[in-house]
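Subject: Structure handover

Hello,

Here is the structure I promised to pass on. Please open it first, then read my notes below.

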Amino acid sequence: MAHYLASFGYDLYLVSRDKSKLDEIYKDSKVKVTTFGLDLSKKEECLKLYQMVKKENIDLLINNAGFGDAGNFTETSLDKELNMIDLNIKAYHILTKLFLQDFVKKDHGRILNVASMAGFMPGPYMATYYATKAYILNLTLAINQELRNDHSKVKISVFCPGPVKTNFNNVANVKFSLMPITSEYAAKYAIDNMFKNKLVIVPPNMKINHLLTKIAPSKLVLVVNSHIQERKK
């Protein structure tokens, strides 16, 4: 996403736990790139990030940090799940609120929250991850309606891809049963549709899946998804 936005001439403020990797990747960038080495699973570091950039002319926030885990809920690590909740939910919540308040004041700005197809359904064997993405999806939808009710020019979108070829599956300890899309394609599709003011952005390879989550009985969706997730373990 950062590479794609740079191609439009956007200056970038990028966050990672490993600042040195960001510096290496963007050392020859043709746009201004400011990097921060922060752990966004920590509330105080989310607040620190906002304080460091709030005086800049930020007009686009992308919340894209996150990770998953797989296994029976009774057997997965509580510490890992709590860290997941801190990163997948609390960091999004904090940064969305703080930047949105500024955007609303100037009546300009965009937020793109990266959720997942997981947000549309429960996910046995990845229960916590699916629940975090449902939170982000519903938070974004609610905020969007508030902005519409206030006739605000601020826009918010949520990107809900299926499998994307990243390091996610290694951290989550799963193997995707579906062919993942590339991160480059995912980034371009998400950002292009964000600029078209699309609220819920679902890639073409997940359109049918998205439709089925809407029309199929919830018990059937749960049984089918349970079978799919169990095969990943």
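Start at Ser-41. Leaving out residues up to four places away in sequence, Ser-41 touches Asn-83, Asp-86 and Leu-87. Contact here means heavy atoms within 4.5 Å.

A word on the source. This is a predicted model, in which local features need pLDDT of at least 70, side-chain atom pairs count only at pLDDT 80 or more, and totals for chains, interfaces and linings use all residues. Residues are numbered from 1 along each chain as its sequence is written, and side-chain values use heavy atoms, with hydrogens and water left out.

Back to Ser-41. Ser-41 sits in the loop between strand 2 (33-37) and helix 3 (43-53). Helices (H or I, at least four residues) and strands (E, at least two) are DSSP runs, numbered from the N terminus. Ser-41 is buried, with a relative accessible area of 11%. Buried means under 20% relative accessible area, exposed over 50%, and partly exposed in between (1.4 Å probe, protein chains only). Ala-91 is 50 residues from Ser-41 along the chain, yet their C-alpha atoms are separated by 6.2 Å.

Four strands form an open sheet, in the order 3-4-5-8, with parallel pairing. Strand 3 (60-63) and strand 8 (200-201) are at the edges with a single partner strand each, so one side of each has no neighbour in the sheet. Two strands pair if DSSP finds at least two bridges between them. Strand 3 and strand 4 (residues 110-114) are joined by 4 bridges. Leu-60 has Arg-110 as its bridge partner in strand 4, and Asn-63 has Asn-113.

Strand 4 is mostly covered, with 5 of its 5 residues buried. In a regular strand, side chains alternate between the two faces of the sheet. Arg-110, Leu-112 and Val-114 point one way from strand 4, while Ile-111 and Asn-113 point the other way.

Helix 5 (127-149) lies across strand 4, strand 5 (155-159) and strand 8. Helix 5 runs at about 155° to strand 5. Axes are lines fitted to C-alpha atoms, for helices over the stretch in contact, and angles run from 0 to 180 degrees between N-to-C directions.

On a 1 Å grid over the protein atoms alone, a cavity is a set of points where a 1.4 Å probe fits but cannot get out; a pocket is an open set with protein on both sides within 12 Å along at least five of seven lines; lining residues have an atom within 4 Å of a point. Grid points are joined across faces, edges and corners, and a volume is the space filled by probe spheres set on the points.

The structure holds 1 cavity of 30 Å³ or more. The largest cavity has about 50 Å³ of space. Its lining includes Asp-69, Phe-73, Met-84 and Tyr-129. Helix 5 gives the largest share of that lining, 3 residues.

The second largest pocket has about 210 Å³ of space. Among its lining residues are His-93, Lys-97, Leu-139 and Asp-150. Helix 4 (78-106) gives the largest share of this lining, 6 residues.

Best wishes
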